[in-house]
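The following exercises concern one protein structure. Please examine the sequence and the model before working through each solution.

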Amino acid sequence: MKDKNGTLVTQDNGIIDKEWQLPASNSTMNPVFITPDLVQKCIKRLKASGGAGPDNLLSEFYKHCQRFIVFPLSVIFNISLQTGLLPPIWKSAIVTPVCKKGSPSDRANYCPISLTCIACKLLELCVTDGLLTYLMTHNIITRHQHGFLSKKSTIIQLFECNLDWTIAINGRRPVDIVFLDYAKAFDSVVHKKLIHKLSCYGMCEMVSTWIENFMSEHVQSVKIGDCFSPYRSVTSGVPQRSVLGPVLFVLFVNDIIYCIYIVYSHCADSSVTIKMFADDTKLYTVIVHDSSVANLQSSLDRIHRWYNHWQLKLSPTKCTVMRLCKPSDNSLVYVNYSLCSSILPEVSSVTDLGVSYDSHLSFRPHINKIVSKASQRAKLILKCFMSRDPTTLSKAFCVFVRPILQFSSVIWNPGPSVL
């Protein structure tokens, strides 16, 4: 729905059913204390080219003046944490729309990028480090989540999935995969429900109070070119491209695994596997017997109820199904899966976390695409660079072409790289 200013918001319905109540954690997070050394480490992690937020202070200012500002910043940050308060300007953001894919004339193809004050980002870094240390030490975040976490990546998730699928296909067992698509995932998080989940995970009261204040009374302005829109309040969601926002979203969707594994807790092993990378979620099952399909459909039904309860939204028209099998097994009867009372469309190829493959787990579509893109970029280098010096052209190739060819190469080309 929209508020009186026309801003899309998700209003809290105040309902938390016992069915979806998270078990209370046996551990409790220690309060966060910020030292000057920690502030200095966070300043070093800032990108030199980082854009300025509403206070117009660039990251270069903090890098050049860090010797003189780390101590006063540590004092300010500790006061903010202990009182649970933030300056109003730290809770404002300048949103720049960036085209993700497709036609630039379609506003649905744009992703909002929030620019916040650098000082607030430094405080977020300090809080995030303490939060992640607690979460990873006590194994609170599911191992099936690979987004925004240390020692996790798209490559690791694709490798885990590819291993399961290859073993199944080589054993002549088809695999059904369901790709789920959120609708405005980061913008739909209800703040009160998020704080409730944080308390269940053992968040200390000081940090929980600070996070609640951090998310409340947020305002944002949209910048296009040199023009700014009036500031509007934000009553739901977590700030995209902020430091703390993605981690909070990962925690908000962390308990979705209970939709899968609690259902089959009586079994030695669940027949349905879930993998997540932030808001990218996929479920798959190896078709071993007739109940495999039924288990996957039951998981989809339960996930739909989970989404409705926590007031997240799915895009049934963008959710798809693909069956992996050997080419000789194409005669297998495909079973329709449904979500939100809609039959999920079947696809013969997908692009998953940047890597394309088809229903036979062939990466030929991906190879053709990156070869074409790399060839175009290499020709563009020859066209735009007047120099024909081999050293200069080699550096240009390594910067602009080589990353295209090497992205996730261990998945689609597991042999030794020749680049």
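**Exercise 1.** Determine where isoleucine 34 is found and whether isoleucine 34 counts as buried or exposed.

*Solution.* Step 1: isoleucine 34 belongs to the segment before helix 1, where helices are DSSP runs of H or I with at least four residues, strands are runs of E with at least two, and both are numbered from the N terminus. The model is predicted: local features need pLDDT of at least 70, side-chain atom pairs count only at pLDDT 80 or more, and totals for chains, interfaces and linings use all residues. Residues are numbered from 1 along each chain as its sequence is written, and side-chain values use heavy atoms, with hydrogens and water left out.

Step 2: the relative accessibility of isoleucine 34 is 1%, so this residue counts as buried (buried is under 20% relative accessible area, exposed over 50%, partly exposed in between, with a 1.4 Å probe and protein chains only).

Step 3: the C-alpha atoms of isoleucine 34 and valine 127 are separated by 8.6 Å, although the two residues are 93 residues apart along the chain.

**Exercise 2.** State which residues a salt bridge joins to lysine 197 and to lysine 282, and classify the accessibility of each partner.

*Solution.* Step 1: lysine 197 meets aspartate 255 in a salt bridge at 2.7 Å, N to O (a side-chain nitrogen of Lys or Arg within 4 Å of a carboxyl oxygen of Asp or Glu). This pair links distant parts of the chain, with lysine 197 in helix 6 (residues 191-200) and aspartate 255 in the loop between helix 8 (245-252) and helix 9 (258-261), 58 residues apart.

Step 2: lysine 197 has 0% relative accessibility and therefore counts as buried; aspartate 255, at 3%, is buried.

Step 3: lysine 282 and aspartate 352 form a salt bridge of 2.9 Å, N to O. Because lysine 282 lies in strand 8 (residues 280-286) and aspartate 352 in strand 12 (residues 349-352), the pair ties together parts that are 70 residues apart in sequence. Both lysine 282 and aspartate 352 are buried.

**Exercise 3.** Describe the salt bridge between glutamate 19 and arginine 302.

*Solution.* Step 1: the side chains of glutamate 19 and arginine 302 meet at 3.2 Å, N to O. Glutamate 19 lies in the segment before helix 1 and arginine 302 in helix 10 (residues 290-309), 283 residues apart.

Step 2: glutamate 19 is partly exposed at 40% relative accessible area, whereas arginine 302 is buried at 14%.

Step 3: the whole structure holds 9 salt bridges.
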